[in-house]
Amino acid sequence: MPKKNNNFFKLEMLFLKILSIRDCYGYEITHSIKELTNGKIDIKEGSMYPVLYKFEDLGYISSEKKLVGKRMTRIYYHLEPSGKEYLEGIYKEYKEMTSIIDKFMEEEHDLQ
C-alpha cells in the first residue's frame with residue numbers, strides 16, 4: 001500500500017499504467033505518455049530511469065534485455081503483480097485527492 005503524502009499527482013502512476021498495458025522499453029514509455037496526453041505531459045527520459053530503477057529494486061517491475069537488430073539491445077520493463085497492486089493503491093489515492101480538491105473548489109468558504 002502506498003505511503004500517504006500530499007504528492008497526489010504521480011508520474012509513477014503513469015509509468016505503471018503504461019506497463020499494465022504492455023511491456024515497454026524506456027523511450028516507449030515516455031513516448032506513449034506524451035502521445036496519449038496529446039503532448040501535455042512530456043517526460044524527459046533522464047527523469048524516468050531513477051523511478052524505473054527504484055520500482056525494479058522494490059519488485060514492482062522486472063526487466064529483460066532483448067537484442068534488437070544485430071548489435072543493439074533494449075531493456076524491456078514488465079509490471080509484476082506487486083506493481084499492479086501498488087498502481088491500484090496510488091490511483092485510488094489520486095482519485096480521493098482530486099475528489100477532495102474538486103469539492104473544495106466548488107464550495108463557498110467562509111474563512112472569517
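Reply: The accessible surface of the protein chain comes to about 8,200 Å², and carbon and sulfur atoms hold 53% of that area. The model is a predicted one. Of its 112 residues, 29% are buried. The C-alpha trace spans about 70 × 30 × 20 Å along its principal axes. The radius of gyration is 17 Å, whereas a compact globule of 112 residues would have a value near 13 Å. Among contacts with a separation of 6 or more, 52% join residues 24 or more positions apart.

The chain has 4 helices and 3 strands. Read from the N terminus, their order is α-β-α-α-β-β-α.

Now the crossing itself. Helix H2 covers residues 26-36 and helix H3 covers residues 45-58. Their axes come within 10 Å of each other and cross at roughly 115°. The crossing of H2 and H3 is right-handed. On the H2 side, the residues that take part are Gly-26, Tyr-27, Ile-29 and Thr-30. On the H3 side, they are Glu-45, Met-48, Tyr-49 and Leu-52. Sorted by class, this contact has 5 nonpolar, 2 polar and 1 charged residues.

The loop between H2 and H3 contains Asn-38. The phi of Asn-38 is near 50°, which is a positive value in a residue other than glycine. Most residues other than glycine have a negative phi. Asn-38 has a relative accessibility of 69%, above the 50% cut-off, and so counts as exposed.

H3 also takes part in the surroundings of helix H1, which covers residues 11-21. In H1 the buried residues are Glu-12, Met-13, Phe-15, Leu-16, Ile-18 and Leu-19. These buried residues pack against both helices of the crossing, H2 and H3, and against helix H4 (81-106). They also pack against strand S1 (24-25), strand S2 (61-68) and strand S3 (72-79).

Glu-12 is one of the buried residues of H1. Its relative accessible area is 13%, which is under 20%, and therefore Glu-12 counts as buried. Leaving aside neighbours within four places in sequence, Glu-12 is in contact with Val-51, Lys-54, Phe-55, Tyr-86 and Ile-90.

Thr-98 is found in H4. With a relative accessible area of 21%, Thr-98 falls between the 20% and 50% cut-offs and so is partly exposed. From Thr-98 to Leu-19 there are 79 residues in sequence and 23 Å in space, C-alpha to C-alpha. Met-105 and Glu-93 are 12 residues apart in sequence, and their C-alpha atoms are 18 Å apart.

To return to the part you asked about: H2 and H3 meet in a right-handed crossing, the loop between them carries Asn-38, and the buried residues of H1 pack against both helices.

Terms used: Residues numbered from 1 in each chain as written. Predicted model: local features only at pLDDT ≥ 70, side-chain atom pairs only at ≥ 80, totals over all residues. Heavy atoms only, no water. Axes fitted to C-alpha atoms, helices over the stretch in contact; angles between N-to-C directions. Helix = DSSP H or I, 4+ residues; strand = E, 2+ residues; numbered from the N terminus. Left-handed = near helix turned anticlockwise from the far one by under 90°. Contact = heavy atoms within 4.5 Å. Nonpolar A, V, L, I, M, F, W, Y, C, P; charged D, E, K, R; others polar. Rg over C-alpha atoms; globule rule 2.2 N^0.38 Å. Buried < 20%, exposed > 50% of the residue type's maximum accessible area, 1.4 Å probe, protein only. Areas by Shrake-Rupley, 256 points an atom, 1.4 Å probe, with all protein chains shown as cover.
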